[in-house]
Amino acid sequence: MIKVDNLSLTYGRGDRRVVVLRDLSFHLNVGEFVTIVGRSGSGKSTFLDLIMGLIQPTSGTIERRKKNLSIGYVFQRPALLPWRNVLRNIYLPLQISGISREDRRRMAMEALEKVGMGYAAHYLPFQLSGGMAQRVAIARALVQDPDLLLMDEPFSALDPMLRENMNVNLLRLWQRTGKTILFVTHSIDEALILSDRIVLLEEGKFLKEFEVDIPRPRGYETFRTERFTELNRIVRAHLPIQPNMPRIPSEDEDGVSDE
């Protein structure tokens, strides 16, 4: 679906030149759930913006293997318009596109049902919890039935228990819809529960890619499995060492390989 070759992004010139992303190569297949993991400032959100076409790379190419590929985007914050109820927030993109009132209401309700929020169609944003608001934001991204869904740390502001619940709900949605999803997070637990593949991004470079071979379907019990714990340790062992932090033993020292 998406193929990226030697993608780089640089701001400024001369002494003020800042390299944001450097020589990234990446592919995303139809129906995959791929997660990019990295610290804040590593370039994760910028990479999504490039895929979306919101900004242009300095060099390299992004190949969309379907003509007129449609993309939905879920941001870190729901960004709902406070004066519009849930239904009207969701069908706003359809309204802008000139879809008839009857059709846009029907399509918005279908999107709401997909995220289990049909009962809240006439709620105003202030009546929603954080998790409910993010589900509305996901419904808004789904309403035009996009080929690809980009999700930029959509659950980072939620408490741990609600975040785990949202992870499982997103899994169920992905299993029902078969959407291709490119997800960004700094949480390894979140990446492992959701993904087919995980790519580590650090200082604008892809460091390593991991296949997540945890059996599907996955649910709450997956967090407690031996394979989940093992993969979590393997991924963490490949994260860069941070200043003033103890060094993580290498695979030679702890006997674990990522092969």
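In this predicted model, six strands line up as an open sheet in the order β5-β6-β7-β3-β8-β9, with mixed pairing. (Strands are DSSP runs of E of at least two residues, helices are H or I runs of at least four, and both are numbered from the N terminus; two strands pair if DSSP finds at least two bridges between them.) The edges belong to β5 (71-74) and β9 (205-211), and each has a single partner strand, so one side of each has no neighbour in the sheet. Inside the sheet, β6 (residues 148-152) runs parallel to β7 (residues 180-185) over five bridges, and L150 is bridged to L182 in β7.

Now for the aromatic rings. Searching the whole structure turns up nine aromatic pairs; rings of Phe, Tyr and Trp (its six-membered ring) pair if their centres lie within 6.5 Å, and planes under 30 degrees apart are stacked, over 60 edge-to-face and the rest tilted. F47 and F206 have ring centres 5.6 Å apart and planes at 80 degrees, so this pair is edge-to-face. F47 sits in helix α1 (residues 44-52) and F206 in strand β9, 159 residues apart. F47 is buried at 0% relative accessible area, while F206, at 21%, is partly exposed (buried means under 20%, exposed over 50%, partly exposed in between, with a 1.4 Å probe and protein chains only).

F155 and F183 make a tilted pair, 6.2 Å between centres and 45 degrees between planes. Together with F33 and W174, F155 and F183 form one aromatic cluster.

Residues are numbered from 1 along each chain as its sequence is written, and side-chain values use heavy atoms, leaving out hydrogens and water. Local features need pLDDT of at least 70 and side-chain atom pairs 80 or more, whereas totals for chains, interfaces and linings use all residues.
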